Amino acid sequence: MGSLFVAMMAVGANITSIAPFMVVGGVPITLQTFFAILAGLVLGSRLGAFSMLVYMLLGLAGTPIFAQFKGGASVILTPTFGFILSFILVAFIVGKLIESNRGFRMYIIAGLTGMVINYLFGTNWMYAAYRLWFEAPEGLSYALVWSWMVAPLPKDIILSVFAGIFAFRLEKRVLSRSKFRLQGKAS
């Protein structure tokens, strides 16, 4: 099941190749945050984080699965690598939240928490990268870097909530089927 999330991350990272309208101002609007959150919600903290780690390691090994079909160790030095790193943490924390409380509200809260972690980690990495080792655009400020996150924010809020709803329904459906099977075997 973890390999399915690695594949979905690769597709979600490159969705703009089949939906070019999802490039805003030269920045691809991907589905990676959605799939990282969903990995934690569906697979749990350990397997969700592991699947995101495998995604990252495959990309760093040279497989062109990152956004815009990039891959290789040089991606570590790009301003957006912090988002890739955050996917591991997102899946882990989201999974931990769900493991402690499987209520509908917690699925939504966990999804939104994952999005916030992704934004905090990724955006701060981006700012640091531009300041420390990447050529910063003219007039770069911390506020400017955060303003770049406005374009994907509505999409990520909606998809984070949707991930919570989808994962909750999926779990309830799977649990109800397994209870039905157990009752059938007991009879």
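Predicted model: local features only at pLDDT ≥ 70, side-chain atom pairs only at ≥ 80, totals over all residues.
Residues are numbered from 1 along each chain as its sequence is written. Local features need pLDDT of at least 70, side-chain atom pairs count only at pLDDT 80 or more, totals for chains, interfaces and linings use all residues, and side-chain values use heavy atoms, without hydrogens and water.

Two packed helices are described by the angle between their axes and the distance between the axes. Axes are lines fitted to C-alpha atoms, for helices over the stretch in contact, and angles run from 0 to 180 degrees between N-to-C directions. Helices are DSSP runs (H or I, at least four residues), numbered from the N terminus.

Helix α2 (residues 32-43) packs against helix α5 (residues 104-132) at about 135°, with the axes 10 Å apart. That makes α2 oblique to α5. Oblique is what remains after roughly parallel (under 35 degrees), roughly antiparallel (over 145) and roughly perpendicular (65 to 115). The crossing of α2 past α5 is right-handed, the near helix being turned clockwise from the far one by less than a right angle. From α2, Thr33, Ile37 and Leu41 take part in the contact, defined by heavy atoms within 4.5 Å. Their partners in α5 are Tyr107, Ala110, Gly111, Gly114, Met115 and Asn118. The contact holds 5 nonpolar, 4 polar and no charged residues. Here Ala, Val, Leu, Ile, Met, Phe, Trp, Tyr, Cys and Pro count as nonpolar, Asp, Glu, Lys and Arg as charged, and the others, Gly among them, as polar.

Helix α2 also packs against α4 (residues 81-100). The angle is about 40° and the axes lie 7 Å apart. That makes α2 oblique to α4. This crossing is right-handed. On the α2 side, Gln32, Thr33, Ala36, Ile37, Ala39, Gly40 and Leu41 are in contact. They meet Phe87, Val90, Ala91, Val94, Gly95 and Ile98 in α4. The residues divide into 9 nonpolar, 4 polar and no charged.

The count of salt bridges comes to 3, each a side-chain nitrogen of Lys or Arg within 4 Å of a carboxyl oxygen of Asp or Glu. Glu99 and Lys96 form one of them, at 3.8 Å from N to O. They are 3 residues apart in helix α4, which means a separation of about one helical turn. Glu99 is partly exposed, at 37% relative accessibility. Lys96 is partly exposed too, at 41%. The class limits are under 20% relative accessible area for buried, over 50% for exposed and in between for partly exposed (1.4 Å probe, protein chains only).

Glu171 pairs with Arg102, the closest N and O atoms being 3.1 Å apart. Glu171 is buried at 16%. Arg102 is partly exposed at 39%. Lys155 and Asp156 form a salt bridge at 2.6 Å, N to O. Lys155 is buried at 19%, and Asp156 is buried at 5%.

Most residues other than glycine have a negative phi. Gln68, not a glycine, has a positive phi of about 60°. Phe69 has a positive phi near 55°. Gln68 sits in the loop between α3 (45-60) and α4, and Phe69 is found in the loop between α3 and α4. Gln68 is partly exposed, at 42% relative accessible area. Phe69 is partly exposed, at 49%.

Note on methods. Helix = DSSP H or I, 4+ residues; strand = E, 2+ residues; numbered from the N terminus.
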